[in-house]
Structures are given as structure tokens and as C-alpha cells.
Amino acid sequence: MGHKNLEDLLQASGNPVKLLRNSQTGPYVYPVVPSEFSNWRDEQRAWQETCVLFNQSFHMTDMYVVGPDALKLLSDLGVNSFKGFQPDKAKQFVACNYDGHVIGDVVLFYLNENSFNLVGRPSIHNWVQYHCETGGYNAKVERDERAAVRQGPITRRVYRYQVQGPNAMKVIEKVTGKPAPDIKFFNMSTIMIAGRPVRALRHGMAGQPGLELFGPWQDGEFVKAAIVEAGSEFGLRQVGARAYSSNTLESGWIPSPLPAIYTGEKLKPYREWLPANSYEAIASLGGSFYSDNIADYYLTPYDLGYGPIVKFDHDFIGKEALQKIAASPKRTKVTLALDSKDVTRAIGTMFQKEKRAKYFDFPSSVYSTLPYDKVLRDGKMVGISTWCGYSANEGRMLTLAIMDNEHSLPGTEVTFVWGEEAGGSLKPTVERHVQTHIRAIVSPVPYSEVARVSYRPQRVAY
């Protein structure tokens, strides 16, 4: 008999960690967009040196929330302040469970009066939809699912591109035939490209200036062709799916917190609402950090660097718990720069028949939906790494990690543990291997100097 919902699956598995550790799902996918347009090394370098076009039209869930109570619904769930939030603005929307642990984060667009759009991984969309349907709100939701869970030809409500890099505004000026629009960070305006109206959000995904552009699906190919043509003299490169997810290593955003919904009686109705094929039910947990208690994988907004956007000027789920946590956060988000000799030593084991380290894929080395690797100092666990990959701009293998405060000072020497215990789990992305220890240096986040100087101060302002 098939399982009806997530709670059924958890009861059958006996332990959420066991369920997720051996899930047959691999890393979060970036479908439809070609793997590479040129080569991923030059595509990475272009977002720091010239300009890139990211095609985000396929891998994220869009959910539209409309109605007189739409803003109240979002305010009741989000840790963000909603003072001054109005149409043509956006923000990074973070929601927590009752104990102040993160369920997920997305970009929230205020499109028009009583009309919003949530864009990102689906854990937030599920949480908002559940409360909309069960909380008595005068609002409704409409989902536009990501390509990975659709069948047949892919037709979505809107296309979504980003033009980023030092030359981004030069490309925008040429493709519009006008001076680049003066849009404040995370504000929106409307511009014309190829004779078509385009909503433009001031953003900075790769730590560089740029715009996120979206509009009716049928206009997408015309708009993209015009941008590519206009960008040819400014070194614009289209970025393929292979390089896309690695940009977060330089900007410092952690894409993959485990949704903190697997425990607690208050969340049981939600788990019974979530279907057995939901993102939360099939996501895979991977890496060298092991605990039988799924709550040990939960993260707070402060762990993820979202402390500055947590505002206690309204009531929301998790507020009381976060007020206590805010008084003394215990962990800090950092970048770990892995020792290049240790990395190449691990890669070198690929050329022997036995005792191979876990394979490092390039540029993103993430092999599960929810990566969690442990970080040691003097043999003691002092942090968790959540994202690992290579940056051609920095010439280093980097990870995004969350460290105990006393071990988070830049320059601190630590050890990153790569690979899973007992030769690996049952995930199809995991070959038989042995764990290996790799030295690392605690470094700033964002790691990219450009991102730290020009992007981060703005990022925490919304």
C-alpha cells in the first residue's frame, strides 16, 4: 500500500535521517538550460570580468499569492519586516518553524496591489500554501512548478533572466537604447527590450551589478536574443547549468538548508498535508555529518547570516523562539578555503584502484539535495559545511560553512571531512569511497572581495 503523505513515510522509515540519507534523489537540478554554452571556467570568469546572462526560467518554483489577506499571510509567516513594503519592491523572504528553525527562503516580489510572487526552492511555497488553505485567509495561491517536476512541453507563466557583471549596465543601455535605469537595490521598474515590456529587479546575484528580468513567457526568446546580441561587444556569455549553482560560492548565499519540519506535534498536521512525493519527502541528505536526530540538521536564520533581516516589529511563527536566539547566536556563516594540496591529493586517488576518496565534481561538488559535511578542529566538531565547489575566479575549492562562534575568526585552521561514513549511503550519486580529511582556512563570506565590498552591505538591507 502506497504512502499517502510525508508523515506516513516517516512512520514507515522509523527515522527522518534514514529516509533522507538513502533517498534516490540526487542534487537539486537545473534542467533544460544547456550544461555549458562555451566552457564553465570562462562562464565563471565572465561574471567577475565582463558580463553573463543567467537563464532562471526552469529550475525554480513560482507561486502567486493574491487576495486581500495575501500580505497578512506572508507577514504572519515571514521573519522579515513588512513596513514600507509596496508594489515594485522585493525582498528575501525567510520563514521558520515554531522553534525558530528555518524552513526555507525565497525571493518575494510585490507585483501589484494584493498580488505577490514567491520564487525559489519549493519548501517555502508548500509552507505558505498550507497556511493559506488552512488558516482562514482571504487569499488564494497559484503554483507554476519548476521544470523538474513537470511532464510534457515546458510552458511557464514568465521567463526569468539575470544580466550580471561589470559590463551589465552597458548591455542594458545598448539593448534598451536608453541610459541604464536608476533602480534601488531590490526595487523594480519596467523597461522595454525588443519592443516588449520587461519587469526589472535590481539585484546582484554574483556579487556584481545587474538586473533580474522577467515577463510573459511568449516574449522570452525575443528578449533573450536581443540581450545576447547587445552583449556581444561587452563580452557577455550565457551561463550553462553546470556553472550556474557555483556562483553562490563567491556571493555567500547558502541555497540548501534542510526544511525544519520533520519533528514536533505542532507540525504533524503539516506533515500529513505534504504529499509523499513532496520536495521534503524525496530530498536527499548527504555528507560526512551524521546524527540520528534530524533536529541536529536544523538551522536558524542567524546560522545562515540572515540575522539583519529578522525583525520583531510584527507577530510571526517562531518569533518568541527567535527573540531568545537573537540574544546570543552561537554560530557564524563563513567561507572555507580548502587546502589545494589536500584537494589534489584526494583527486589523485581517482588514479588508483582502491581506497578512492569521494569524487569531486567540477565546478559544483554537491551530490545531494541537502549537503552537510562536518568541520573539525583538533579532532572536535566545530562546524558544518553546506556547499562545496570550485571557483575559477579564485583558483580555489571553497565551501560555505556554519562555524561555532569561537572558531569562526578568519585565518583559523580547521579540517573539512569529505565523504560519507561506512563507504557511503545508498544514493545513486554516491560511489564506494573512503572519507578523507582536507585542511581548510576560515575565510570571509562572501569570499569574493567584489561581493564583500559592493554587494553584501546592500544585501542585508531588505
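A charge is said to sit over a ring if NZ of Lys or CZ of Arg is within 6 Å of the ring centre and within 35 degrees of the ring normal. Lys91 meets this description, lying over the face of Phe85 at 4.4 Å from the ring centre. Likewise, Arg41 has its charged end over the ring of Trp40, 5.0 Å from the centre of that ring. The model is a predicted one, in which local features need pLDDT of at least 70 and side-chain atom pairs count only at pLDDT 80 or more, while totals for chains, interfaces and linings use all residues. Residues are numbered from 1 along each chain as its sequence is written, and side-chain values use heavy atoms, with hydrogens and water left out.

Rings also meet other rings. A pair of aromatic rings is described by the distance of the centres and the angle of the planes. Rings of Phe, Tyr and Trp (its six-membered ring) pair if their centres lie within 6.5 Å; planes under 30 degrees apart count as stacked, over 60 as edge-to-face and the rest as tilted. The structure holds 27 such aromatic pairs. One of them is stacked: Tyr270 and Trp273, 5.9 Å centre to centre with 15° between the planes. Both residues belong to helix H10 (residues 268-273), where they are three residues apart, about one turn of the helix. Helices (H or I, at least four residues) and strands (E, at least two) are DSSP runs, numbered from the N terminus. Tyr270 is buried, with a relative accessible area of 1%, whereas Trp273 is partly exposed at 25%; buried means under 20% relative accessible area, exposed over 50%, and partly exposed in between (1.4 Å probe, protein chains only).

Tyr367 and Trp418 make an edge-to-face pair, 5.7 Å centre to centre and with 80° between the planes. This pair links distant parts of the chain, 51 residues apart: Tyr367 is in the loop between helix H13 (340-348) and strand S14 (370-371), and Trp418 is in strand S18 (residues 413-418). Tyr367 is buried at 8%, and Trp418 is buried at 1%. Elsewhere, Tyr28, Tyr30, Trp47, Phe54 and Tyr244 form one aromatic cluster.

Strand S18 also takes part in a barrel, which six strands close in the order S13-S17-S16-S15-S18-S19 with antiparallel pairing. Two strands pair if DSSP finds at least two bridges between them. Strands S13 (residues 331-338) and S19 (residues 436-443) run antiparallel and are joined by four bridges. Leu338 stands opposite Ala440 in S19.
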